[in-house]
Amino acid sequence: MLLLPPGRHAAVATAAAAIDAEQRPPPAAALLRQAHAQCVGLLQPLLLAAGCEAAARGGAAAPPEPGACAALLAQLDGIGWARVAALARDLSGLTLALTDAAGRAHAVELRLPPSFPVAAPAVAVALPRPWRPRWLPGYTLAQLVAQAEQVLESYQALWAELEDLDAHTQLLDPPQALAAPYAAPARTLALGNGCSAAVSLQPDAPRALPAAVFHGPSAAVAGLQAAWYGRAAAAWSPDRSVRANLEAVLELRLPPPRPGVRKGCAALAAPPGDSQGDGQGGSPADAASDSDDEEGEPGACAICYALHLPSADRPGELGEAPSVSCPGAACGRAFHGRCLAEWLGALPTSRRVFDTLFGSCPFCGGALGVSVRGTG
């Protein structure tokens, strides 16, 4: 993989690594362009070397034709080399680094078929919805970039709302749910008193009334549901942010992020070297340690972050303590039976066998089960 230029956004570097796991420090891709400018024939040794490397790895031995290489380099000239973050040695793929109107960096991975540009490239980019660009005979990468920029523009309002939520609320989503925060239009927000809300924004109308599912003690959830279904339709205003609307409808203040903890979009915006994100881009152990820091008291429920639920029978006294643990050796997080049952019950992938609900751990994804007897 030919990398250029160095020092791009971390997300772009990650995407570039995905195209070729065996990156080595070859000459800069600008060298290819310089050789092309001098004489297309000078590219043949480099292309032959690429073919030999592919054959050694069990891939196709035939290198790209000089004419195809020249055509591709001409297209890269057209979009500007500053937008090319990485280029495969055999010219079978590249990563484009695009910046939207708000300055967010986006990595667009392209796989070029042998019949390119007659055949459309395969495109991968982190977006809330799948995107397949339009490709017609005679189209070039310049048309694809223009389409990509239009798609990025269409999500500006959504991403602004997600950034506001991530920066000012306490997110309870597990790390893997926010691995690509701009591609996930849903968030699980702490509401306080052991309650949370899973809120799903509409990508095309992010300030419209979202879908919401509440979790927590039954009595508290009943009050939240009554407020939501009784007031949301009339009180929700598209002139306010999603966060302001949630606080107005539910008549509460959303808890802010825990000190020093950044998750979701806020983690991507953290200064370089900041270790207080949610483990994105790090190892699973890093992600686990970050989540452990957020849990507060030792043994607290990993869903509601409370050690004890309020007692339903004796107000003012401590209620249920976490009684279910993830069996995964690398996880082991504890949950209130009621919290876990409500969490798993809201997932379509969970299944119930008699009085036991089976599903996946919200954090590690491992299998676990919880008794639903007495949790209703």
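Is Cys195 buried or exposed? I looked this up in a predicted model. Cys195 has a relative accessible area of 6%, so I noted it as buried.

**Cysteines**

I searched the whole structure for disulfides and found zero. A disulfide is a covalent bond between the sulfur atoms of two cysteines. For Cys195, the closest cysteine sulfur belongs to Cys304 and lies 8.5 Å away, which is too far for a bond. I then checked Cys364, which is in no disulfide either. Its nearest cysteine sulfur is that of Cys326, at 3.5 Å. The cut-off I used is 2.5 Å between the sulfur atoms. Cys364 is partly exposed, with a relative accessible area of 44%.

**Salt bridges**

I found 10 salt bridges in the structure. One of them joins the side chains of Arg207 and Glu161, with 2.7 Å from N to O. Arg207 sits in the loop between strands S7 and S8, and Glu161 in helix H6, so I logged the two as distant parts of the chain, 46 residues apart. Arg207 is partly exposed at 31% relative accessibility, while Glu161 is buried at 5%.

Next I looked at Glu251 and Arg231, whose closest N and O atoms are 3.6 Å apart in a salt bridge. Glu251 lies in the loop between helices H8 and H9 and Arg231 in helix H7, so this pair ties together parts 20 residues apart in sequence. I recorded Glu251 as exposed, at 60%, and Arg231 as partly exposed, at 32%.

Arg352 and Asp355 also form a salt bridge, at 3.8 Å between the closest N and O atoms. Arg352 is exposed, at 55%, and Asp355 is partly exposed, at 28%.

Terms used
Residues numbered from 1 in each chain as written. Predicted model: local features only at pLDDT ≥ 70, side-chain atom pairs only at ≥ 80, totals over all residues. Heavy atoms only, no water. Buried < 20%, exposed > 50% of the residue type's maximum accessible area, 1.4 Å probe, protein only. Salt bridge = Lys/Arg side-chain N within 4 Å of Asp/Glu carboxyl O. Helix = DSSP H or I, 4+ residues; strand = E, 2+ residues; numbered from the N terminus.
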